[in-house]
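This report covers fold, surface, core and paired side chains in turn. Please look over the sequence and the model before reading on.

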Amino acid sequence: ADKYSIVNLKLEAEAAYVKETKITMDNAIDNLLYADAQNLALLKEVIIDFLAENSAASQNLDFTDVPVYLMKDVFAAFGRKMKSDAKGGNDDLSVMSVSELRRKLDEIGLNADGSREAMIE
């Protein structure tokens, strides 16, 4: 789907993969690296949110193979989680999930593929 720029197919396939894959501490890092390599923003966010939700257990994982730029995303998710917990639900784009951002973009007829940062811009 990426090769031929069929965005809807890619998004549907990614959503199906996310729905069918159980993220655990045992597979989180492998799935995170796969999501990053394939530019799968939703999967990446699901994994990073899982790590943020399970921050105590996440500390025991080996992040050696995770690139620095991806660790920045992990730390940002921890920050978003803390910000979201402090504020409660709101319309702040910086704390919205990728799926919420995609839904808002789709409602106004814009491309919903890409990184969180690209969708916010």
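What percentage of the contacts with a separation of 6 or more in the protein chain comes from residues 24 or more positions apart? The share is 57%. A contact means heavy atoms within 4.5 Å.

## Basis

The model is predicted: local features need pLDDT of at least 70, side-chain atom pairs count only at pLDDT 80 or more, and totals for chains, interfaces and linings use all residues. Residues are numbered from 1 along each chain as its sequence is written, and side-chain values use heavy atoms, with hydrogens and water left out.

## Fold and surface

The protein chain has seven helices and zero strands. Its pattern along the sequence reads α-α-α-α-α-α-α. Helices (H or I, at least four residues) and strands (E, at least two) are DSSP runs, numbered from the N terminus.

The protein chain has 121 residues, and 34% of them count as buried. Buried means under 20% relative accessible area, exposed over 50%, and partly exposed in between (1.4 Å probe, protein chains only).

## Nonpolar core

A nonpolar core is a set of buried Ala, Val, Leu, Ile, Met, Phe, Trp, Tyr and Cys residues joined through side-chain atoms within 4.5 Å. The largest one holds 18 residues; L32, L43, I47 and L51 touch the most other members. Helices α2, α3 (41-53) and α5 (68-87) each give two or more residues to this core. The largest share, five residues, is from α3.

Leaving aside residues up to four places away in sequence, L51 touches M25, A28, L32, S58, L61, F63 and F78.

## Salt bridge

The whole structure contains one salt bridge (a side-chain nitrogen of Lys or Arg within 4 Å of a carboxyl oxygen of Asp or Glu). The partners are D73 and K44, with their closest N and O atoms 2.9 Å apart. D73 sits in helix α5 and K44 in helix α3, so distant parts of the chain, 29 residues apart, are linked. D73 and K44 are both buried.

## Aromatic pair

There is one aromatic pair. Rings of Phe, Tyr and Trp (its six-membered ring) pair if their centres lie within 6.5 Å; planes under 30 degrees apart count as stacked, over 60 as edge-to-face and the rest as tilted. Y17 and Y34 are tilted, at 5.8 Å centre to centre and 40 degrees between the planes. Y17 lies in helix α1 (residues 7-20) and Y34 in helix α2 (residues 28-37), so the pair ties together parts 17 residues apart in sequence.

Y17 is partly exposed at 32% relative accessibility. Y34 is partly exposed at 40%.
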